[in-house]
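Please read the numbered points with the sequence and the model at hand.

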Amino acid sequence: IFNRRERRGLTKLRKQLHFLSIEARIKNKICLMVHKCVYDNAPLYLSELVKKRPPKPSTPRQNEDTTQLAYDYTMKHKGAFKVAGPRYWNSLPRQLREEETFKARLKTHLFQEYYE
């Protein structure tokens, strides 16, 4: 691509091609799987790992964020889907989590987060 022989300066090329970094691609895949779990499009064995956070009693109903997920603080493996999924999902903006065009908007959000 671009007739380049050396491996230096690949960040600029990835940015031009709109490629995500490896870390961003992992986060993208996990967030897509969590999105399917939240909206009941995932297999049962994955959906059972994702639990919605119970609403706070002090929060008014209209401001309540219904897309927040419960976070398992007791697990030792932070890379496990049960831990990483809710952590990445809750780090996304609320508007993005509720978006109908989630997949495209997620990639744009991660691209901006990692390259800008």
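Is Thr11 buried, partly exposed or exposed?

1. Thr11 counts as partly exposed, because its relative accessibility is 44%, a value that lies between the limits of 20% for buried and 50% for exposed. The model under discussion is a predicted one, and the remarks below should be read accordingly. Thr11 is placed in helix α1, which covers residues 10-17. Although Thr11 and Tyr115 are separated by 104 residues in sequence, their C-alpha atoms lie 8.7 Å apart in space.

2. Leu110 belongs to helix α6. With a relative accessibility of 0%, Leu110 counts as buried.

3. In soluble globular proteins, nonpolar side chains tend to be buried together. Here the largest nonpolar core comprises 22 residues, and the members with the most contacts inside it are Val34, Phe81, Trp89, Leu92, Phe102 and Leu106. Three helices, α2 (22-38), α4 (81-91) and α6 (102-115), each contribute at least two residues to this core. The largest share is that of α2, which provides seven residues.

4. A pair of aromatic rings is described by the distance of the centres and the angle of the planes. The count for this model is two aromatic pairs. In one of them, the ring centres of Trp89 and Phe102 are 5.5 Å apart; the planes stand at 45°, so the pair is tilted. This pair links distant parts of the chain, since Trp89 lies in helix α4 and Phe102 in helix α6, 13 residues apart. Both partners are also named among the core residues with the most contacts. Trp89 is buried, with a relative accessible area of 0%, and Phe102 counts as buried at 2% relative accessibility.

5. The rings of Phe111 and Tyr115 form a pair as well: their centres are 4.9 Å apart and their planes are at 50°, so this pair is also tilted. Phe111 and Tyr115 are separated by about one helical turn, because they stand four residues apart in helix α6. Phe111 and Tyr115 are both buried.

6. What lines the largest pocket? The lining consists of Lys29, Leu32, Met33, His35, Lys36, Asn41, Ala42, Pro43, Leu46, Glu100, Phe102 and Lys103. The space in this pocket is about 220 Å³. By class, the lining residues are six nonpolar, two polar and four charged. Helices α2 and α6 each supply at least two lining residues, and α2 gives the most, with five.

7. The last point concerns cysteines. A disulfide is a covalent bond between the sulfur atoms of two cysteines. How many disulfides does a search of the whole structure find? The search gives zero disulfides. Cys31 counts as buried, at 0% relative accessibility. Cys37 is buried too, because its relative accessible area is 6%, which falls under the 20% limit.

Conventions
Residues numbered from 1 in each chain as written. Predicted model: local features only at pLDDT ≥ 70, side-chain atom pairs only at ≥ 80, totals over all residues. Heavy atoms only, no water. Core = buried A, V, L, I, M, F, W, Y, C linked by side-chain atoms within 4.5 Å. Buried < 20%, exposed > 50% of the residue type's maximum accessible area, 1.4 Å probe, protein only. 1 Å grid on protein atoms, 1.4 Å probe; cavity = no way out; pocket = protein on both sides within 12 Å on 5 of 7 lines; lining within 4 Å. Points joined across faces, edges and corners; volume = space filled by probe spheres on them. Nonpolar A, V, L, I, M, F, W, Y, C, P; charged D, E, K, R; others polar. Disulfide = S-S within 2.5 Å. Phe/Tyr/Trp six-rings, centres within 6.5 Å; stacked < 30°, edge-to-face > 60°.
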